[in-house]
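Dear colleague,

I am passing on to you the structure we spoke of, with the sequence alongside. Please have it open while you read the notes that follow.

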Amino acid sequence: TKSEKQKELAAAKVFFEQPVRESVPGAKVAAVISWSPNGNYILANMLFADRTVARPYVLDLIRERYVEVPHVSWIDDVSWFGSQMAYATSDGYAIFDVATGNTQTFGESNGRVPIFSVDGNYVAYSDHGIMVYSQNAQKSIRLSTNESDVPALWQADNRTLVIFANARDHDDSEKSDTPSIGLMHIGTKRVHIVAHLPEPPKRAEWVAKDSLALLELGSDDNIFDYSFDFTNGSLAILAETSEGVAFTSVRDREIGTLKGNKVTRFDDRGVKIGEAKRENKAPIANFALLPQPVAFLIRQKGTHYDAAMFNMMTNIETSLGDISVPY
């Protein structure tokens, strides 16, 4: 209800207004990196000693404390499973359990983000090809020796990986290095190329498990988001999401894009299901879908920012208050 949402936002505002320096002496937040899917943990990089030393911390909302992340000085991205996070370190990979403090290290890192399987037992990662680490066995197996093979997503069976690859590495008829998306079974290690891609791949995210994925493609300052339908192999462009051009968000089998002042929603088949136009002309620094029919916006106001809710049914935009950073 509206009153419950207001109470929740008020409680969150009080909690987050407590300065970081009171919990982590000498620290300043450099960047908020990730909020765990279960909503219990927030990962941020913090700066110390006049901004010359950096360390990542997790804000544990259950215990209301900050927990330092081991074996790394900075994290750009992370994979979550419950209270566990998997990430690249300077010389390998690590799994850190925020709740227990337990850590496992493995592999040789190339800086890419390792990814948890659906059941959390396996972590796929890049190491001169594709490797899979088993938490139960505490050892890794090699699936691929092709440097271009990169794990992107796990399918629901916990045995099949969606990978980015060069088609030539897996198809003798291919004569050029064509960026592609494929399926790899971790038992047989066989790869089936399902589609070629128009741009170099960067990352992927499920919209609907095993059927529709959001693909981020491109390089440097030219980044594009596409939807890919695994049921029929169709690829559809959603937006150019280069810095400040447009935004894409995924939530509960739904995709939303913000281009200019127009918010467009797509269902779990990639079909457009709604559109709304913002009347407010303030530039947007961040955008996310919330439960229908609401979008969450970070608006830029000169050198400052504020958070706002945009109702896509009524086109009413409501400010939630000023904030200091655009996350």
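Predicted model: local features only at pLDDT ≥ 70, side-chain atom pairs only at ≥ 80, totals over all residues.

S83 sits in the loop that runs between β5 (79–81) and β6 (84–88), and because its relative accessible area is 18%, under the 20% cut-off, S83 counts as buried. Leaving aside neighbours within four places in sequence, S83 is in contact with N38, Y41, F96, D97, V98 and A99.

The largest nonpolar core holds 17 residues, of which L153, V162, F164, I181, L215 and F230 touch the most other members. Two or more residues of this core come from each of β13 (150–154), β14 (160–166), β17 (201–208), β18 (212–219) and β19 (222–229). Apart from that core lies another, of 14 residues, with Y41, V69, V72 and V98 among them. As for V162, not counting residues up to four places away in sequence, its contacts include L153, I181, W206 and F230.

Turning to the sheet, 4 strands form an open arrangement in the order β17-β18-β19-β20, with antiparallel pairing; its edge strands are β17 and β20 (234–240), each of which pairs on one side only. Neighbouring strands of this sheet are turned against each other by 25 degrees on average, with direction ignored. Between β17 and β18 the antiparallel pairing extends over 6 bridges, and P201 stands opposite L217 in β18.

With best regards

Definitions and conventions: Residues numbered from 1 in each chain as written. Heavy atoms only, no water. Buried < 20%, exposed > 50% of the residue type's maximum accessible area, 1.4 Å probe, protein only. Contact = heavy atoms within 4.5 Å. Core = buried A, V, L, I, M, F, W, Y, C linked by side-chain atoms within 4.5 Å. Pairing = 2+ DSSP bridges. Axes fitted to C-alpha atoms, helices over the stretch in contact; angles between N-to-C directions.
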